[in-house]
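Student: I have a model on the screen and would like to work through its features with you. Please begin with a single residue and then widen the view.

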Amino acid sequence: MSTLTVELGERSYPIHIEAGLLSQSGLFSAYIKGPLAVIVTNETVAPLYLETAKAACGNVQVETIILPDGEQHKNLAQFEVVMTRLLELNAARDTTLIALGGGVIGDLTGFVASTFLRGCQFVQVPTTTLAVMDSSVGGKTAVNTPRGKNLVGTFYQPQGGFVALSHLATQTSVEHAAGLIEGVKMALTLDADVYHFMTKSSKALIEFSESELTRAIAESV
């Protein structure tokens, strides 16, 4: 397993990268401080990874919130759906939210975590390359409004990030490539060596080569 740390002083947190990461029972246990964990995911991701994510929570009560899939559902209406369900579950500040999905789920869950009872903890489990490379890192949380994208949100860091490379292989090649381009853009502006690595390794990256993909993700993060 490859682990790096997002260095933010007291708010620093690790990001773990491995092919079959979520198959480890109790993987999230160290990040769940209270008796309840709530997995927020969507209708596309739930059939693929929800049961594995539940097992990774260990011996705590696990509840799930399954939202519709798509950018059009990253809005205040779905924010209210999640908030209402947390209140129905009597969730508390020691409840841990687990964002299992792409950028929409990560942004929405993070925004909920930053505001529910004035802040509870959450972890990011991104399932798309775009979320892995970009939206799950750095604490950007938000929802969209009819006036524009990401206009209502906060900066709120997760307690940790878990990247299972096997999740990425269920995307379309176009979705995967779009995420890789985020890494290329960052390398182009910040690190020539990484840029040359990613462009020379483009075929291996597109084909989900574990070693090259792990390096590309780690460098981007």
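Tutor: Phe208 counts as partly exposed because its relative accessibility is 27%. Buried means under 20% relative accessible area, exposed over 50%, and partly exposed in between, with a 1.4 Å probe and protein chains only. Please note that this is a predicted model: local features need pLDDT of at least 70, side-chain atom pairs count only at pLDDT 80 or more, and totals for chains, interfaces and linings use all residues. Residues are numbered from 1 along each chain as its sequence is written, and side-chain values use heavy atoms, with hydrogens and water left out.

Student: Where does Phe208 lie?

Tutor: Phe208 sits in the loop between α8 and α9. Helices (H or I, at least four residues) and strands (E, at least two) are DSSP runs, numbered from the N terminus.

Student: Which residues is Phe208 in contact with?

Tutor: Leaving aside neighbours within four places in sequence, Phe208 is in contact with Leu168, Ala169, His176 and Leu213. Contact means heavy atoms within 4.5 Å. As for Val125, 83 residues away in sequence, its C-alpha is 18 Å from that of Phe208.

Student: Let us turn to helices. Which residues of α7 are buried?

Tutor: In α7, residues 192-200, the buried ones are Val194, Phe197 and Met198. They cover an arc of only 95 degrees around the axis, which puts them on the same side of α7. The arc is that of the directions from the helix axis to the C-beta atoms. An α-helix has 3.6 residues a turn, so residues three or four places apart point the same way.

Student: What do the buried residues of α7 pack against?

Tutor: They pack against α4 (129-135), α6 (173-190), α8 (202-206) and α9 (210-220).

Student: And in α1, which residues are buried?

Tutor: Ala46, Tyr49, Leu50, Ala53 and Ala56 are buried in α1, which covers residues 46-56. Those five span an arc of only 125 degrees around the axis, so they are on the same side of α1. Pro47 and Glu51, on the other side of α1, are exposed. The cover over the buried residues of α1 includes β3 (36-42), β4 (61-67), β5 (96-101) and α5 (165-168). Just after α1, Gly58 takes a positive phi of about 80 degrees.

Student: Which residue has a positive phi although it is not a glycine?

Tutor: Leu117 does, with a phi of about 50 degrees. Arg118, also not a glycine, has a positive phi near 65 degrees. Most residues other than glycine have a negative phi. Leu117 is found in the loop between α3 (103-115) and β6 (121-126), and Arg118 has its place in the loop between α3 and β6. Leu117 counts as partly exposed at 36% relative accessibility, whereas Arg118 is exposed, with a relative accessible area of 77%.

Student: Another loop, please. Is Gln157 buried or exposed?

Tutor: Gln157 counts as buried, because its relative accessibility is 14%. This residue lies in the loop between β8 (148-155) and β9 (161-164). Apart from residues up to four places away in sequence, Gln157 touches Leu8, Arg11, Tyr13, Phe122, Gly138 and Gly139. Gln157 and Phe122 are 35 residues apart in sequence, and their C-alpha atoms are 8.3 Å apart in space.

Student: Now the whole chain. How many helices and strands does it have?

Tutor: The chain has nine helices and nine strands. Along its principal axes the C-alpha trace spans about 50 × 45 × 35 Å. With 221 residues, a compact globule would have a radius of gyration near 17 Å, and the chain agrees, having 17 Å. This radius is taken over C-alpha atoms, and the globule rule is 2.2 Å times the number of residues to the power 0.38.

Student: What share of the 221 residues is buried?

Tutor: Buried residues make up 49% of them. Of the contacts in the chain with a separation of 6 or more, 75% come from residues 24 or more positions apart.
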